[in-house]
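Reader: I'm new to reading protein structures. Could you walk me through some features, one by one?

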Amino acid sequence: MSRKVAACLILLFVAVAVRAQSADQKKATIDYLKKLQNKDGGFVPSPGQAQSSLGATSSALRAIKYSGGKLEDTASVSEFVKGCYDKASGGFADQPGGKPAIAQTAIGLMALVELKIDPEPYAGPAVKYLDDNAKTFEEIRIAVAGYEAVGTKGEHAGAWLEQIDKMANGDGTFGKGDAQARDTGSAVVAILRLGGTIEHRDAVLKALNEGQRGDGGFGKADAKESDLDTTYRVMRAYHMLKTHPDVKKLRVFIDSCRNQDGGYGVLPGKPSTVSGTYYAATVQHWMEEK
């Protein structure tokens, strides 16, 4: 094969890869997700698993929506989500009867809103559970996502903003080296959800832009490959800041995570999961909005 022909093939691949998802691709993604729904209404995290998960259910609902689909039977899903609520603690567990946790409680609130279930009987106790238990940044980061879903900031919003501010670098960015884009994106989203402001926008955007890797995505510290988890975190920051990175490069990375079953792995070449598919569907939805 001549160099000229090889170059043309590469350009053709890139041209195809940078396009938005086709209708057929979106349908395949929706079909992949719907096959993961159990009879109890919940979704399993990946093919071959048996037990429904609140986290997988919430992610599947939104990934189906962002892919242009609709779930016909929402009644059984609603019952599954409500069944994960623990009235004694006010929190949510990943399965009915399970142990409540911070991430699952925030996810439960988001799922209620997604399913248009009246959150009023759950929101007050769930927000108190999060207020009482979220301590670390990662716990705060996910807690405020739940707060945003039900339209509250929680009683510790001011203290949490101060806690996050103490983590910042002098120029308003967060983290160091390869971790800076992920850490800065995560912190920016939490600050904005808590009602704070980004005072060093230029420095923040510079850190995010420099974090986009050669493969088009964003990755964790000391990891050679980008991953959809980090890419999703950083892209949510871009979305909330109303801007975007190099979208053409990003589409190439997301396409590299797509599998023949219509789902997405969190890394290129990895099996499809609900979480990977949710990250990909959400990021592509944001890119289509720009």
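This is a predicted model: local features need pLDDT of at least 70, side-chain atom pairs count only at pLDDT 80 or more; totals for chains, interfaces and linings use all residues.

Reader: Let's start with helices. At roughly what angle do the axes of α3 and α4 cross?

Author: First, the labels: helices (H or I, at least four residues) and strands (E, at least two) are DSSP runs, numbered from the N terminus. Axes are lines fitted to C-alpha atoms, for helices over the stretch in contact, and angles run from 0 to 180 degrees between N-to-C directions. Here, helix α3 (residues 54-66) and helix α4 (residues 75-83) have axes that come within 10 Å and cross at roughly 140°. Angles under 35 degrees count as roughly parallel, over 145 as roughly antiparallel, 65 to 115 as roughly perpendicular and the rest as oblique. α3 and α4 are therefore oblique to each other.

Reader: Which residues of α3 and α4 meet?

Author: Contact means heavy atoms within 4.5 Å. On the α3 side we find Leu-54, Thr-57 and Leu-61, which meet Val-77, Phe-80 and Val-81 of α4. Five of the contact residues are nonpolar, one is polar and none is charged (Ala, Val, Leu, Ile, Met, Phe, Trp, Tyr, Cys and Pro count as nonpolar, Asp, Glu, Lys and Arg as charged, and the others, Gly among them, as polar).

Reader: How do α11 and α13 lie to each other?

Author: Their axes come within 9 Å and cross at roughly 30°, and α11 and α13 are therefore roughly parallel to each other. The contact includes Leu-228, Asp-229 and Tyr-232 of α11, along with Tyr-279, Val-283 and Trp-286 of α13, among others. In this contact of α11 with α13, nine residues are nonpolar, three are polar and three are charged.

Reader: Now the rings. How many aromatic pairs does a search of the whole structure find?

Author: Rings of Phe, Tyr and Trp (its six-membered ring) pair if their centres lie within 6.5 Å; planes under 30 degrees apart count as stacked, over 60 as edge-to-face and the rest as tilted. The search finds nine such pairs. One of them is edge-to-face: Tyr-85 and Tyr-122, at 4.9 Å centre to centre with 90° between the planes. Tyr-85 sits in the loop between α4 and α5 (102-114), Tyr-122 in helix α6 (residues 120-133), 37 residues apart.

Reader: Are Tyr-85 and Tyr-122 buried or exposed?

Author: Buried means under 20% relative accessible area, exposed over 50%, partly exposed in between (1.4 Å probe, protein chains only). Both Tyr-85 and Tyr-122 are buried. Another pair, Tyr-232 with Tyr-279, is tilted, with 5.0 Å centre to centre and 35° between the planes. Tyr-232 lies in helix α11 (residues 228-240) and Tyr-279 in helix α13 (residues 274-289), so this pair ties together parts 47 residues apart in sequence. Ring pairs also link Tyr-232, Tyr-278, Tyr-279 and Trp-286 into a cluster.

Reader: Finally, what is phi of Lys-116 near?

Author: Most residues other than glycine have a negative phi. Phi of Lys-116 is near 60°, a positive value. Lys-116 is in the loop between α5 and α6 and is exposed, with a relative accessible area of 76%. Lys-242 also has a phi near 60°; its place is the loop between α11 and α12 (247-256).

Notes. Residues are numbered from 1 along each chain as its sequence is written. Side-chain values use heavy atoms; hydrogens and water are left out.
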